[in-house]
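Colleague: I would like to learn how to read a model such as this one. Could we go through it feature by feature?

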Amino acid sequence: LMFGRHVSHFSSLSEAMSTCTEYLFGNIGSFQELRAKHPVAGSVFFISYMILFYFIAQSLSKAIVLASYDDAVELHVMERKKEELRAKAQEPKGKDRISRWVQKIMDTKTHIKETYGGQLLIHKRI
């Protein structure tokens with residue numbers, strides 16, 4: 001409405017909003033008319049408007065990315081907790097746990113044998 005009497009693209013509120021939206025999307029054809037009628041005020045308005053909405057658009061896109069990142073981290077943490085619970089549920093309890101531990105020791109590539117004199121010898125399995 002500041003330029004409404006002299007610039008047709010700012011003659012009404014809806015026309016001014018439409019023109020400013022076009023500015024955001026790169027259609028700056030009407031800026032030439034604005035600059036011709038109001039060289040200083042038109043340029044100050046255009047530059048300040050574009051800078052302001054550039055920062056608003058950057059903040060909005062940053063907020064969207066950060067919100068998506070937070071959701072992804074939360075999902076990852078939940079999946080990790082589920083995996084830990086599954087692992088604990090599958091873990092043997094009591095004697096089964098001890099027998100698997102002993103079996104694991106026996107299945108290693110080396111084992112210890114006791115000789116007649118009480119000395120320990122290490123034999124490698126082939």
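**A tyrosine and its helix pair**

Modeller: Tyr 49 lies in helix H3, and this is a predicted model.

Colleague: Is Tyr 49 buried or exposed?

Modeller: Buried means under 20% relative accessible area. Tyr 49 has 12% relative accessibility, so Tyr 49 counts as buried.

Colleague: Which residues is Tyr 49 in contact with, leaving aside its neighbours within four places in sequence?

Modeller: Tyr 49 is in contact with Cys 20, Thr 21, Tyr 23 and Leu 24. Take Tyr 23 as an example: 26 residues separate it from Tyr 49 along the chain, while their C-alpha atoms are 9.1 Å apart.

Colleague: What does the side chain of Tyr 49 reach?

Modeller: The backbone oxygen of Cys 20, at 3.1 Å. A pair of N or O atoms has to be within 3.5 Å to be a polar contact.

Colleague: How do helices H1 and H3 pack?

Modeller: Begin with the angle and the axes. Helix H1 covers residues 13–24 and helix H3 covers residues 39–90; their angle is about 65 degrees, and their axes are 10 Å apart. The crossing of H1 and H3 is right-handed.

Colleague: Which residues make that contact?

Modeller: From H1 come Cys 20, Thr 21, Tyr 23 and Leu 24, and from H3 come Phe 45, Phe 46, Tyr 49, Met 50 and Phe 53. Sorted by class, the contact of H1 with H3 has eight nonpolar residues, one polar residue and no charged residues.

Colleague: Now another residue of H1. Why does Thr 19 count as buried?

Modeller: Thr 19 lies in helix H1. Its relative accessibility is 1%, so Thr 19 counts as buried. Not counting residues up to four places away in sequence, Thr 19 touches His 9, Phe 10 and Ser 30.

Colleague: Where is Met 2, and is Met 2 buried or exposed?

Modeller: Met 2 sits in the segment before H1. The cut-off for exposed is over 50%. Met 2 has a relative accessible area of 60%, so Met 2 is exposed. In space, Met 2 is 9.7 Å from Ala 16, C-alpha to C-alpha, with the two 14 residues apart in sequence.

Colleague: How many helices and strands has the chain?

Modeller: The chain has four helices and two strands, and along the sequence these follow the pattern α-α-α-α-β-β.

Colleague: What can be read from totals for the chain?

Modeller: Of the 126 residues of the chain, 13% count as buried. The chain exposes about 10900 Å², with 62% of that supplied by carbon and sulfur atoms. For contacts in the chain between residues at least 6 apart in sequence, 33% join residues at least 24 apart.

Key:
Residues numbered from 1 in each chain as written. Predicted model: local features only at pLDDT ≥ 70, side-chain atom pairs only at ≥ 80, totals over all residues. Heavy atoms only, no water. Axes fitted to C-alpha atoms, helices over the stretch in contact; angles between N-to-C directions. Left-handed = near helix turned anticlockwise from the far one by under 90°. Contact = heavy atoms within 4.5 Å. Nonpolar A, V, L, I, M, F, W, Y, C, P; charged D, E, K, R; others polar. Buried < 20%, exposed > 50% of the residue type's maximum accessible area, 1.4 Å probe, protein only. Areas by Shrake-Rupley, 256 points an atom, 1.4 Å probe, with all protein chains shown as cover. Polar contact = N/O pair within 3.5 Å; in protein donor to acceptor, adjacent residues only side chain to side chain.
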